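Reader: I'm new to this one. Could you walk me through how to read it?

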Amino acid sequence: MAGITVEDLSTVYPNGVRAVDSLDLEIADGELFALLGPSGCGKTTLLRTIAGLEAATGGAVAIGERDVTRLQPGDRRVAMVFQDYALFPHMTVSENIAYPLRVRGVAKAVQQETAVRTAGGLSLGELLDRRPGQLSGGQQQRAALARAVAASAEVLLLDEPLSNLDARLRLEARTFLKKLQRELALTTVFVTHDQAEALALADRIAVMDAGRIRQLGTPREVFQRPADTFVANFIGSTPMNLVPRGAEIIGVRPEYLSPAREGLFNGVVSIVENLGVTSLVTLDCGEDQIGYVVPEDEEPAVGAVVTVDAPDTRVLRYDKETGLLVR
Amino acid sequence: MDSSGLGVRRAVGFVAPALVLIGVFLVFPALWTLYIGITDYQLTGPAAADPQVVGADNLVEAVRDPLFTNSVWLTALFVLFSAVIGQNVLGFGLAWSLRSVSPWLRRTAEGLVLLSWILPSTVVAFLWFAVLSRDTGTLGLLLGSPQTSWLVEYPMTSLIIFNVWRGTAFSMLLYTSALAAVPPSQVETARLVGASGWQTVRDVVFPHIRGHVLTNTLLISLWTANDFTPFLLTSGGPNHRSEVLPVLIYRQALEGGQLGYASAMSMLLLVGNLVVALVYLRLLRRRA
């Protein structure tokens, strides 16, 4: 068991792209940590640099007390599950799970025993003799997880673990993943572009952009108090209202706004979108469009004039120049 | 039946020229070879004017002929060492190691290897004379021992190295595209669990490209078995020491004038090729 320390890490590709740019990060032992950001932000490169699949151009990576920056991937004691699961199609589930042991020359009987035990823990017991091609997407993912667990690594790295599953299965797999991580208490880093996934799974989130960390915090911190307008825009299933007011930008989540006699914004209802239990109402307020969320059956009529307000603690102010949170 | 609306007669008219060409230059010579293979047909003399059918005598004679068995043995060595092992292993090795180098280095290396493949055989043969000749050969000068006549003293070894040099480009190209189809994440998974290069190739890469390996081995085996370029380098000599089957057949037919006997030997070469092809195809099918 071990945490991960990343110090002043840079990864530059041969074409000159600085995918990871002088980045510092500390991930605690046993933590479930999310690297979140839009595509091209460097999150996958950071994960691959921790794994050793990309060489660091500068800085250092340590796992536990060991500096692994110059170590080969196989010597770092990390296990990784790829987005496509990377199961070997010509091996059975059992052979796939036991592969890390086979490489190390562990006795056949021990390989078999480990495969059975690990597969049992991930409800794959019935599928040991199947080939990956005969498994469903969720089963393939569990087989890949089982192989990673069987490697008895100190750190588990997951690249977009849920993105290849269909929407329904994704929720199920998300819960499963969190439960598994709690049971194993294994330091786990996963990469995702889906903010809902990061909020739901992670103990802490690093929101990344252009090879740097924009904000590091718990899901609650990142959701309630985004450190800058980029994070504010990126986090939340309905985008945050960001309205310029003088030298500042006012930020309020649609979920925190509700109709009031007088308040922050006043406008004409232009669109009502049904979100299930709630609806997203869009107000035309001169140049700005303001979204706010109402419970079902309380939607205003299109064309109605509405004033909305939010509790003072939910209203964020950003500097217009730097985009950073002022208060 | 007549989907183009052309009418059978006109359709036949369009196809006829091609059929005539194929018939004259492919089917007829093949059948003709089969026929003269069972006669005592010769280039000159009474047997040229009035060949007699001798049945399987030519085949029996070939199997008993030490020159023929020598040639079969040399051809087997030639195919095994220059194609199955040499071109295969070197081609794969090049494709595998050029995966991760910078693009310009890869393109340069591939271009150089391809060059040896696309040059005409006669040009290449002269180049190799220049390299291997006894008094002024480049190799002799490089090694500081200019008195070795490589093609005379080591004829088969020279031919094998020549053919590896000549044919590796094809294997390299085929394996390069085959390797591109191996999912990188699977290779990286092997790296992450600490698999060595050899373990990665054996456990992860080879199962993906098994079909390519068999197809490639089949093609280069057949091409090498039928290759006539050795004649340009050693003409089968000295004293039959590099007389692979195509060279023996040529010399029997045109130098010895034994057209019937040479045809019978080509038939045996054809049968040999077929057997090899069937073995490979069976192996390929077992995969599916």
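Author: H4(B) passes H9(B) in a right-handed crossing. A crossing is right-handed if the near helix is turned clockwise from the far one by less than a right angle, and left-handed if anticlockwise. Helices are DSSP runs (H or I, at least four residues) and strands are too (E, at least two), numbered from the N terminus. This is a predicted model, where local features need pLDDT of at least 70, side-chain atom pairs count only at pLDDT 80 or more, and totals for chains, interfaces and linings use all residues. Residues are numbered from 1 along each chain as its sequence is written, with chains lettered from A and ligands numbered from 1 in the order in which they are written.

Reader: At what angle do H4 and H9 of chain B pack?

Author: Axes are lines fitted to C-alpha atoms, for helices over the stretch in contact, and angles run from 0 to 180 degrees between N-to-C directions. Here H4 (residues 66-97) and H9 (residues 155-180) of chain B pack at about 40 degrees, with axes 6 Å apart. So H4(B) is oblique to H9(B); angles under 35 degrees count as roughly parallel, over 145 as roughly antiparallel, 65 to 115 as roughly perpendicular and the rest as oblique.

Reader: And how many residues does each chain give to the contact?

Author: Residues are in contact if their C-beta atoms, placed from the backbone, lie within 7 Å. Chain B gives 14 residues and chain A gives 19. On the chain B side, H10(B) has the largest share, six residues.

Reader: What is chain A built from?

Author: Eight helices and 18 strands. Its C-alpha trace spans about 75 × 45 × 35 Å along its principal axes.

Definitions and conventions
Contact = placed C-beta atoms within 7 Å.
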